[in-house]
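Morning, everyone. Please look at the model first.

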Amino acid sequence: MALRVGVCLSVYVLVLVSGAPALADEGEVYTALKQGVLFARAGLRMSEKEPRIGGPAPGGMSYHVETDVPQLKINLFGVGVHTSRAAAEEVAKGMIRSMSMGEDVYVNQPGPYGDIGDERHVWTGGGDGGGSLVFLRQNISVVFSWSGENARALALARRIDELIRTDREVAPRGAFAPTPEIVAPGVSAQASKKARLTITPEFRGLGERADLRITVLAPDRLSKVSETTMDGRSPPDIVVRGPRADSLSDTVRKRRPDEDGRFIVHIPDKVGPAKLTMIVATPDNVIVTKEFTVNVTE
């Protein structure tokens, strides 16, 4: 789903380019991002809407946040803590591809936004119509879009980046031990179309299974095949979309994975090889992904 700001974006700033200084993965990395602390110290608050994997941040957690800053509305906000800088860069590339660009291109290095993150990609509208931003700070990715005064939004971005860099209660540093990963998605190599498969994925270094969010994306990487909530339950009446425009609505499992060890995956309705992606997020926004293929049959 592309990020849409609802304005004609006319300035485009890119510093995710070849030749940018590489950051080594050796040594300490960010091992978590405590969103509650971050929001409190950045002057943000969560709305009552449930955060989700993906959405405007296909490689991270998407939160609905509000701010009391005058003339500024946060439309979309997402963060992700990745296991390496390389993983963060891949996620940033995907987010950039999903975002709308303005007609005019302005490339500057470091440019007027060179102090936001160690790499950044910014769209702003003419005047103060709003904009969108993706930036990286080592192995953390941040994406958000706004309506209203650009200077206030970019000041907020700088504040978020500062908190990540300097406040260890917001973003602890250290080493993953072991490195978080999806060992196996637990999905069979072949399944009939529209099937609902009960699976038990295998994880390492992600903590308690009941605390995880799990989603599987369909081949277009935009349609959710299934997702659990933060406490491990699947929301009722979730809309399950296949690789085509049509969709089906179903009521899925409401019991916790630690109660029955199950997770239900919905198979797309198009016959043939389906490349699916499992994404898992911890309560501290650590994100891991694994691609796998299911041969869908009649």
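Start with Arg-85. Its side chain forms a salt bridge with Glu-89, and the closest N and O atoms are 3.1 Å apart. By salt bridge I mean a side-chain nitrogen of Lys or Arg within 4 Å of a carboxyl oxygen of Asp or Glu.

Quick notes on the source. This is a predicted model, where local features need pLDDT of at least 70, side-chain atom pairs count only at pLDDT 80 or more, and totals for chains, interfaces and linings use all residues. Residues are numbered from 1 along each chain as its sequence is written, and side-chain values use heavy atoms, with hydrogens and water left out.

Back to our pair. Arg-85 and Glu-89 sit four residues apart in helix α2 (residues 85–97), so about one helical turn separates them. Helices here are DSSP runs of H or I with at least four residues, strands are E runs of at least two, and both are numbered from the N terminus.

Buried or exposed: which is Arg-85? Arg-85 is buried, at 3% relative accessible area. Glu-89 is partly exposed, at 27%. The cut-offs: buried is under 20%, exposed is over 50%, partly exposed is in between, with a 1.4 Å probe and protein chains only.

Next, helix α3 (residues 150–166). Glu-162 and Arg-159 are three residues apart there, again about one helical turn. Their salt bridge is 3.0 Å, N to O. Shared partners also build one network: Arg-85, Glu-89, Asp-118, Glu-119, Arg-137, Asp-161 and Arg-165.

Last pair. Glu-66 and Arg-45 meet at 3.4 Å, N to O. Glu-66 is in strand β6 (residues 65–67) and Arg-45 in strand β3 (residues 44–46), so this bridge ties together parts 21 residues apart in sequence.

The total count is 18 salt bridges.
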